[in-house]
Amino acid sequence: MTRRAVELPVLAPHDPVDHAAAAAAFNADVARTDWHDEALWFVRVKRDRAAAAVPEWEALRARASAIKEHALTHLDEYLVQFESNALANGMRVHWARDADEHNRIVHGILDRAGSQRLVKSKSMLTEECGLNPYLEARGIEVIDTDLGERIVQLRREGPSHIVLPAIHLKKEEVGDTFHEHLGTPAGLSDPTALAGAAREHLRERFLAADATLTGMNFAVAETGGFVVCTNEGNADLGMVLAPIHIASVGIEKIIPRVEDLAVFLRLLARSGTGQAVTVYSSHVHGPRSGQELHIVLVDNGRTKQLAREEFWTSLKCIRCGACMNTCPVYRRSGGHSYGFTVPGPIGSVLTPGLDLEKYAALPFASTLCGSCTAVCPVKIDLDGQLFRWRQRVVQAGHVSAAKSVAMKSSVRLFNHPRLFRLAGALARRGLRILPRPLARLAARPWARARELPAPPAQSFRAWYRKNRPGGDR
Amino acid sequence: MSAESVSARDAILAAVRAARPPSVARPESLRPVHQEESGLSRLDAFTAAATAAGATVTLAPRKDVPRFVASATEGAITLLSFAAGVTSTMSPHGDAHSLSALDVLVSESSLGVAENGAVWIATSDTVLRGALFLAARVVIVVREEDLVDDLHQAYERIDVRSHSFGVFVSGPSKTADIEQSLVIGAHGPKALTLVVVRADEPVNP
Amino acid sequence: MTAALFVPCYVDQFYPHVAVAALTVLERLGVQVDVPEGAACCGQPSANAGFGRDGHSTIERFVDVYARYERIIVLSGSCAVHVRLHAGEVVAHGGRSDDAGAHVAERTTEFCSYLHDEIGVGLVALLGAKFDGCAAVHIGCHGLRGLGLAKPSELQEQPFDKVRALLGTVRGLELVDLARPDECCGFGGTFSVGEPAVSVKMGRDRLRDFTSHDTQAVVSTDMSCLMHLDGLARRERLRLPMYHVAEVLAGTARAR
């Protein structure tokens with residue numbers, strides 16, 4: 001493999017993500033925000049129904065978590081076992097330390113085979129690696145074949161959800177995009193008709209493809225095989241038609257045994273979409289005859305996360321998307337506000353490990369309500385990790401000076417009871433005697449949309465001293 | 001394997017070893033202990049789950065299977081069969097590309113899963129594998145006695161290594177990527193019919 | 001046994017009547033209760049904002065003040081969760097013993113938990129509280145998922161709800177079923193000012209769920225949620241009284 005002299009940038013610039021500003025822009029359209037919130041809440045409701053139908057649901061979650069923790073704490077052994085079994089199955093195995101190395105490996109495989117037309121099924125890893133622009137810059141046609149991914153690809157956007165990549169779009173917008181790119185009639189917005197048009201357009205691409213790339217939902221160490229789950233059948237069409245199959249996978253996706261698949265497949269679709277299982281759960285244990293099958297095992301920051309005592313369990317994630325669907329903040333801010341391929345709570349605990357400064361805002365894009373942790377099929381303590389990342393962000397100084405001063409002085413206030421009483425008395429009086437607009441101004445941004453509490457004449461402490469003179473001080 | 005990736009392999013494995021958190025033991029049993037009876041028979045549960053996934057389920061006495069399959073494949077001009085007693089109208093070889101205009105695939109499954117309505121098909125045959133996804137309609141015959149309760153039982157019964165490919169199929173291909181509206185027939189089959197062959201001796205005669 | 005009642009800073013300053021109600025309820029139930037001075041805050045606001053290190057002195061102070069009590073009853077779910085999770089990190093210093101932090105963490109409970117688990121619904125019923133009207137219950141997320149005040153909607157376990165059990169003793173009070181029983185209100189401490197757009201939207205959506213169910217009042221375990229929700233409701237000129245559970249049990253709450 002030859003190194004290119006000039007590499008195109010594959011990752012977004014270093015500009016910090018301003019989640020609050022993006023969320024404010026999203027919320028400017030109230031009806032649309034409501035629609036987005038309801039659409040995702042509906043998925044959460046379907047998940048609840050599917051989970052309720054499994055009496056041993058909580059036991060399954062506990063087992064899934066334990067299997068993943070076991071696998072991650074023996075990851076080197078399982079990686080080696082997976083590699084040797086995959087080789088024995090006739091697959092070729094590549095290792096990539098980072099996004100750039102992954103992209104070079106993939107390009108190298110295609111280049112050697114003279115492949116020009118790549119069809120891809122959903123792989124968040126390749127989004128994370130910026131593979132598409134890398135290959136396109138080198139003259140390879142890359143077609144995302146998952147319908148949602150194809151929609152955002154045609155619009156030159158990133159996915160806004162890992163399971164529902166185009167959940168932020170209305171059918172009319174999809175209609176406009178298809179009209180422009182696929183030649184559907186102007187104004188056509190019926191989902192069935194649009195999906196039918198995409199089917200025809202993509203069927204041609206499948207038949208013409210000379211290579212396919214898929215992700216993996218699970219890689220099984222014991223057998224050297226892997227499982228790909230889809231509803232559309234797109235991964236399978238690529239795999240069965242193209243002469244070259246590349247399967248890219250993050251190293252954390254390894255599970256020890258075949259029997260573990262039962263646990264994870266029972267949880268995955270139920271958590272993600274509320275289906276009992278995806279339409280296709282495809283198990284690949286070797287290339288088709290005449291086919292080349294390459295596996296690319298990718299680190300790209302995962303070993304760093306594994307080394308972080310407070311955050312390594314985030315690698316248990318099976319990418320079901322349930323934490324996004326349940327997150328009241330995600331539902332009302334949209335996936336793009338997170339500025340990363342994986343948005344929502346799990347994105348907010350994965351990204352600070354990649355670039356603390358750039359993603360400093362994300363651990364704060366949460367009320368720490370904990371719904372994500374309770375819904376997670378592998379029991380990642382997402383709210384706890386968000387809390388801990390907040391400490392790291394502040395300790396690293398990636399926080400505004402104003403906030404820093406405010407927090408530190410409030411701590412001083414709380415530690416000096418007399419000072420606290422004085423400040424409280426002044427604030428209460430201020431709230432009472434200041435004209436309301438002025439009081440609101442003083443209390444921005446709280447008071448932009450909310451009234452301040454009506455200030456009582458005296459604090460509880462003052463009342464207590466008067467009314468329980470014997471009370472302990 | 002290139003020299004570059006050998007060193008990447010070593011670097012990654014070394015990084016994993018350096019990062020390894022304290023060992024967590026593998027759970028002893030994967031099978032949850034608090035299995036409650038759902039009250040549904042295995043067949044009823046399978047039928048309900050498969051129907052919910054968008055499949056059409058028909059129950060056929062053993063002797064009537066060919067008739068049921070014939071009715072499920074009615075109108076097909078190109079039909080490919082991997083099921084006993086059902087004749088193909090074409091004989092493709094080698095590659096799956098020729099199957100793009102296939103009307104119907106008829107195949108057999110060795111196992112069905114009651115909890116999710118999925119049927120298992122394993123094959124190293126590219127034509128069968130391709131037809132599963134390229135045919136407009138798929139008909140799969142599964143025997144009632146090959147139904148299991150859940151995926152735990154399923155994985156006890158199947159050997160994923162026996163073929164290069166194996167798949168659980170639950171319903172026709174579908175997408176909800178446009179406004180969460182369910183559309184049947186995304187890339188693959190637009191219809192799935194499951195013909196369940198009744199066990200010869202019903203439990204409650 | 002003497003128990004301590006911890007009145008969080010914002011309750012002390014803005015909602016003294018809620019603390020009075022809580023104290024009254026506890027005293028009527030025969031609990032010997034102190035409200036010691038010296039710790040105005042548990043350290044949660046600064047820690048949740050990422051300033052846990054700076055706020056550590058606050059929770060140290062909390063431990064020093066409350067270590068001598070057998071029971072520490074906190075008038076807020078989120079403060080109680082913070083103390084239970086983090087007081088154990090406080091180490092020995094000066095007159096403070098080795099196990100003071102752990103002792104405080106272990107013995108800290110929240111007002112509703114305390115009434116339900118240690119006093120018992122039967123005794124609480126003897127308070128004879130009345131409330132004429134329909135109310136929605138809003139359990140703060142930390143109390144819900146961090147303390148287990150009720151079964152969160154995500155978990156597939158036997159349903160239980162300690163807050164509703166307590167409110168079930170109140171004559172005339174009817175509780176409505178919300179479309180989203182335990183959706184977060186959007187307060188989230190500094191989240192309310194750091195992410196105002198989403199925070200406000202969440203609060204308004206929560207209010208809409210209340211009002212679309214003919215709710216005449218909102219009853220909560222946390223005044224911080226209510227400070228946010230009530231602030232939004234009043235700005236929208238929505239007449240929807242909001243009360244802490246303690247006020248309802250003390251008989252000082254009134255429907256709209």
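Predicted model: local features only at pLDDT ≥ 70, side-chain atom pairs only at ≥ 80, totals over all residues.
Chain A has 6 strands forming an open sheet, in the order 1-10-7-4-2-3, with parallel pairing. At the edges sit strand 1 (92-96) and strand 3 (141-144) of chain A, each pairing on one side only. On average, neighbouring strands of this sheet are turned by 20° against each other, direction ignored. Strands of a sheet can pair either parallel or antiparallel, in both cases through backbone hydrogen bonds.

For the antiparallel kind, look across to chain B. Strand 9 of chain A (residues 280-284) is joined by 5 bridges to strand 8 of chain B (residues 165-169), and these two run antiparallel. Here S281(A) stands opposite F168(B).

The contact between chains A and B takes 78 residues from chain A and 66 residues from chain B. On the chain A side, helix 3 (residues 57-73) gives the largest share, with 9 residues. By class, that side of chain A divides into 43 nonpolar, 18 polar and 17 charged residues.

Now turn to chain C. Here 60 residues of chain A are in contact with 60 residues of chain C. Helix 18 of chain A (residues 382-395) gives the most to the chain A side, with 6 residues. The classes on that side come out as 33 nonpolar, 15 polar and 12 charged.

While you're at chain C, have a look at its helix 5, residues 77-86. This helix is mostly covered, with 9 of its 10 residues buried. Among the buried ones are G77(C), C79(C), V81(C), H82(C) and R84(C).

Back in chain A, there is a helix pair to follow. Helix 9 (residues 171-182) and helix 10 (residues 191-208) of chain A have axes that come within 10 Å and cross at roughly 35°. The crossing is left-handed. From helix 9 of chain A come K171(A), V174(A), G175(A), F178(A) and L182(A), which meet P191(A), L194(A), A197(A) and H201(A) in helix 10 of chain A. Sorted by class, the residues of this contact are 6 nonpolar, 2 polar and 1 charged.

Note on methods: Residues numbered from 1 in each chain as written. Chains lettered and ligands numbered in written order. Pairing = 2+ DSSP bridges. Helix = DSSP H or I, 4+ residues; strand = E, 2+ residues; numbered from the N terminus. Axes fitted to C-alpha atoms, helices over the stretch in contact; angles between N-to-C directions. Contact = placed C-beta atoms within 7 Å. Nonpolar A, V, L, I, M, F, W, Y, C, P; charged D, E, K, R; others polar. Buried ≥ 20, exposed ≤ 12 C-beta atoms within 10 Å, placed from the backbone. Left-handed = near helix turned anticlockwise from the far one by under 90°.
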